[in-house]
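Here is a short briefing for someone meeting this structure for the first time. Take a look at the sequence and the model before reading on.

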Amino acid sequence: MTKTIVVTSGKGGVGKTTTSASIATGLAKRGFKTVVIDFDVGLRNLDLIMGCERRVVYDLVNLVNQEASLHQTLIKDKRIENLYILPASQTRDKDALTIEGIARVMHKLKKSDFDYIICDSPAGIEKGAKMALYFADEAIVTTNPEVSSVRDSDRILGILQSESKRSKMNEEPVKEHLLITRYNPSRVKDGQMLSVDDIVDLLAIPLLGIIPESPSVLDCSNAGKPVILDDESEAGQAYSDAIDRLLGESKPHRFMEAPKKGLLSRLFG
Amino acid sequence: MGFFRFFRSNKEDASAKVAKDRLQVLIAHERTGRDGPDYLPMLKQDILDVIKKYVAVGDDAVSVQLDSQDDCDVLELNITLSEDSTPATQPSVDAKRRAMERRQAAAKVT
């Protein structure tokens, strides 16, 4: 059974592509045949984050228009077995995608025995974002602890509940997961940042994970390496925990507490 | 900065609390629009059409809200007539007929 998971948020810049790359890599690392699709037609970036930007020949629009085969379009990851990248087109716009065209691609992927299809949604609530979430069985709603991101996440939840294929066909609803990224426990402790509890309370969907703000996220994107492959970093470990939870394991949430400060650093820090 | 912050009990005016309060109101408001019954937009359009028969108003003059309080739903109607709301330039046939009937009825009474 193939599972389709959309990584979405409404707002831009909250970490959808970073999350898509790490979730796909994490699932493949655990032995599942996984493909990650970049739906941001015109603003392709997943290839850069995955470090395969120089290996793109054909793209999603070519595949939708039947100008290239699935085999020609998929890029096989060089680090992880079972991991494939389906890049977006850089020269076309989002109108090049149609539900029928994407349905054909999804069907081909299912016939190629993929366990997971991860859809990296573009920002916004326009056609591209709606295409990315249409076929989803599950959704990872990526949210920053910040007012506009929380509001947009709530909006995208409404769209998932009314415009996904599952909602239109009256099937079991899309399973929603909340992933909080760029979390800074010290600022939460000082009352300057919305807490995990605040966000869960507002959005009222189950929490998949908390990714702490971490310098390694930028380091890894600079290098074209999904941050989940950086076992040393907190962000990498947090993504790894999120994979376990996605696969049904219950794991306590980490990285929610601020490091203890001494009296001197509290006075002068 | 840290020195002063240490002594200030800033939990009260902490900005995260403000953020949460604002979001709570906003999200609840936006959800009612989303989860409301599908007849609301049509109801709104019909009310607007009726008002337009008599007064020239913009398309945003009517707001319809459905709120739930405990076990009762409250339908809130807000119609804004601006200062310079003039009568619709051409009263509809319907409006003319009803006005005539009203006048005739009044004439009979006297």
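What follows covers the sheet, its strands, the cores and one surface patch.

This is a predicted model. In chain A, eight strands form an open sheet with mixed pairing. The largest nonpolar core has 52 residues. On chain B, three residues form a nonpolar patch on the surface.

**The sheet of chain A**

- The strand order is 3-4-2-5-1-6-7-8.
- Strand 3 (75-76) and strand 8 (207-212) of chain A stand at the edges. Each has a single partner strand, so one side of each is left without a neighbour in the sheet.

**Strand 2 of chain A**

- Strand 2 of chain A spans residues 34-38, and five of its five residues are buried.
- A:Thr34, A:Val36 and A:Asp38 point one way, while A:Val35 and A:Ile37 point the other way. Residues on both sides are buried.
- Strand 2 of chain A runs parallel to strand 4 (residues 83-86) of chain A, and four bridges join them. Here A:Ile37 has A:Leu86 as its bridge partner.
- Strand 2 of chain A also pairs with strand 5 (residues 116-120) of chain A, in the parallel sense, over five bridges. In this pairing A:Asp38 stands opposite A:Asp120.

- Six bridges link strand 7 of chain A to strand 6 (residues 138-143) of chain A, and the two run parallel. A:Glu138 stands opposite A:Lys175 in strand 7 of chain A.
- Strand 7 (residues 175-183) of chain A is also parallel to strand 8 of chain A, with four bridges between them. Opposite A:Leu179 stands A:Gly209, and opposite A:Ile180 stands A:Ile210.

**The nonpolar cores**

- In the largest nonpolar core, the residues with the most contacts inside it are A:Val35, A:Ile37, A:Phe39, A:Leu97, A:Ile102 and A:Leu109.
- Helix 7 (residues 147-163) of chain A gives the largest share of this core, with five residues.
- Another core, of 34 residues, lies apart from the largest one. Among its residues are A:Ile80, A:Tyr116, A:Ile140 and A:Phe255.
- Beyond residues up to four places away in sequence, A:Phe39 touches a set of residues that includes A:Leu60, A:Leu97, A:Ile102, A:Met106 and A:Met131. A:Asp120, A:Ser121 and A:Pro122 are also among the residues A:Phe39 touches.

- A:Ser20 lies in helix 1 (residues 16-29) of chain A.
- Is A:Ser20 buried or exposed? Its relative accessibility is 0%, so A:Ser20 counts as buried.
- Leaving aside neighbours within four places in sequence, A:Ser20 is in contact with A:Val7, A:Val36, A:Ile118 and A:Asp120.

**A surface patch on chain B**

- Which residues form the nonpolar patch on the surface? They are B:Leu77, B:Ile79 and B:Leu81, with about 260 Å² of accessible area together.
- B:Ile79 sits in strand 2 (residues 72-79) of chain B.
- With a relative accessible area of 39%, B:Ile79 is partly exposed.

Technical notes. Residues numbered from 1 in each chain as written. Chains lettered and ligands numbered in written order. Predicted model: local features only at pLDDT ≥ 70, side-chain atom pairs only at ≥ 80, totals over all residues. Heavy atoms only, no water. Core = buried A, V, L, I, M, F, W, Y, C linked by side-chain atoms within 4.5 Å. Buried < 20%, exposed > 50% of the residue type's maximum accessible area, 1.4 Å probe, protein only. Contact = heavy atoms within 4.5 Å. Pairing = 2+ DSSP bridges. Patch = residues over 30% accessible without salt bridge, like charges linked within 9 Å, V, L, I, M, F, W, Y side chains within 5 Å. Areas by Shrake-Rupley, 256 points an atom, 1.4 Å probe, with all protein chains shown as cover. Salt bridge = Lys/Arg side-chain N within 4 Å of Asp/Glu carboxyl O.
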